[in-house]
Number of protein chains: 2
Amino acid sequence: MFRTVLAGALAAVVMGAGMTAQAEVVSPEDQIKLRKAGYSYMSWNMGKIKAQVIDQSVAYDQGQILAAARTLDAIANSGMGALYGPGTDRQVGAQQTRVKPEMFDNFPDVAQLSAGLAAATGKLVDAAEADDRAALRTAFAEVGQSCKACHDKYRQR
Amino acid sequence: MFRTVLAGALAAVVMGAGMTAQAEVVSPEDQIKLRKAGYSYMSWNMGKIKAQVIDQSVAYDQGQILAAARTLDAIANSGMGALYGPGTDRQVGAQQTRVKPEMFDNFPDVAQLSAGLAAATGKLVDAAEADDRAALRTAFAEVGQSCKACHDKYRQR
């Protein structure tokens, strides 16, 4: 519990700090490219857990599930807020984005959603370390709901 | 030491297992997209450590450095070998790749290079957790050398 609360708090702090410390060194085009890269990589790792734990279409492998959970947790805590700098609310160069412009007026809400995601990915790591498939299913659903909560509010269809 | 050896061994195992377990569910085009996403995200996180620890052009923040190190370590251990399936040795659809085709004839060597990377990112996490900047510089250099070792052999210019 402490761990997940800490992860959430850390995410909020890193996100806040990142927005000022990193924004100047990465171009708006690269910020969009990198945040899309992070989400794509998360999606791939969610897919692995879905296949092995939910759909059971692929044999369960604790090592792979733990690696996937750690990747999700690390990216969720990696300060993606730094990739939503000024000028990244619309397409830049070749980089299209589905972000809704109103996200940029609601950073406190986004930080809260981000902390929720980090709390959920922390539970996913705990469940993977414990090799507890019931807990994995619960945590997977919670991570998915955290993704969806932000998409519903701040991503265009 | 045990931790980094274990991380390396795990990377090799996950990589090997991933190649058979995951290859069928992700299209060749998406495999290329996803591996490029993973490397881009690693590059961004290397850049944060470089700015704060090597160049010192951005104020040092242990929380950010630890988050970056954990992201690098998680991606290095995420079974990227699964993203080098059949048909991904050349451009597929919109996804270009700089991989040299001979990489696909040398998977044991690639697994060794991958284990070297995971050992180095493990040391980076250890150094970040210890808040030890000298150890961070050493580990950062080792991660960079691991990246370069693979690029020199298997990436086109």
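Predicted model: local features only at pLDDT ≥ 70, side-chain atom pairs only at ≥ 80, totals over all residues.
Tutor: A polar contact is a pair of N or O atoms within 3.5 Å; within protein, one must be able to donate a hydrogen and the other to accept it, and residues adjacent in sequence count only if both atoms are side-chain atoms. Residues are numbered from 1 along each chain as written, chains are lettered from A and ligands numbered from 1 in written order, and side-chain values use heavy atoms, without hydrogens or water.

Student: How many residue pairs are in polar contact across the interface of chain B and chain A?

Tutor: The two chains bury about 2,500 Å² (accessible area lost to a 1.4 Å probe, summed over both), 68% of it on carbon and sulfur atoms. The polar contacts, with both residues at pLDDT 80 or more, come to six residue pairs.

Student: Which element gives the most to the side of chain B that touches chain A?

Tutor: Contact (heavy atoms within 4.5 Å) takes in 31 residues from chain B and 31 from chain A. Two or more residues on the chain B side come from each of α1 (2-21), α2 (28-54) and α3 (62-76) of chain B, where helices are DSSP runs (H or I) of at least four residues. With 10 residues, the most is given by α2(B).

Student: Why does the salt bridge of A:Asp109 and A:Lys153 tie together parts apart in sequence?

Tutor: The side chains of A:Asp109 and A:Lys153 meet at 2.9 Å, N to O. The pair joins parts 44 residues apart in sequence because A:Asp109 lies in α4 (107-129) of chain A and A:Lys153 in α5 (133-154) of chain A.

Student: Over which residues of chain A is the pLDDT below 50?

Tutor: Chain A averages a pLDDT of 89, and 85% of its residues score at least 70. One stretch has 43 contacts in the model beyond near neighbours in sequence, yet its pLDDT is below 50: residues 1-24.

Terms used: pLDDT = per-residue confidence, 0-100. Salt bridge = Lys/Arg side-chain N within 4 Å of Asp/Glu carboxyl O.
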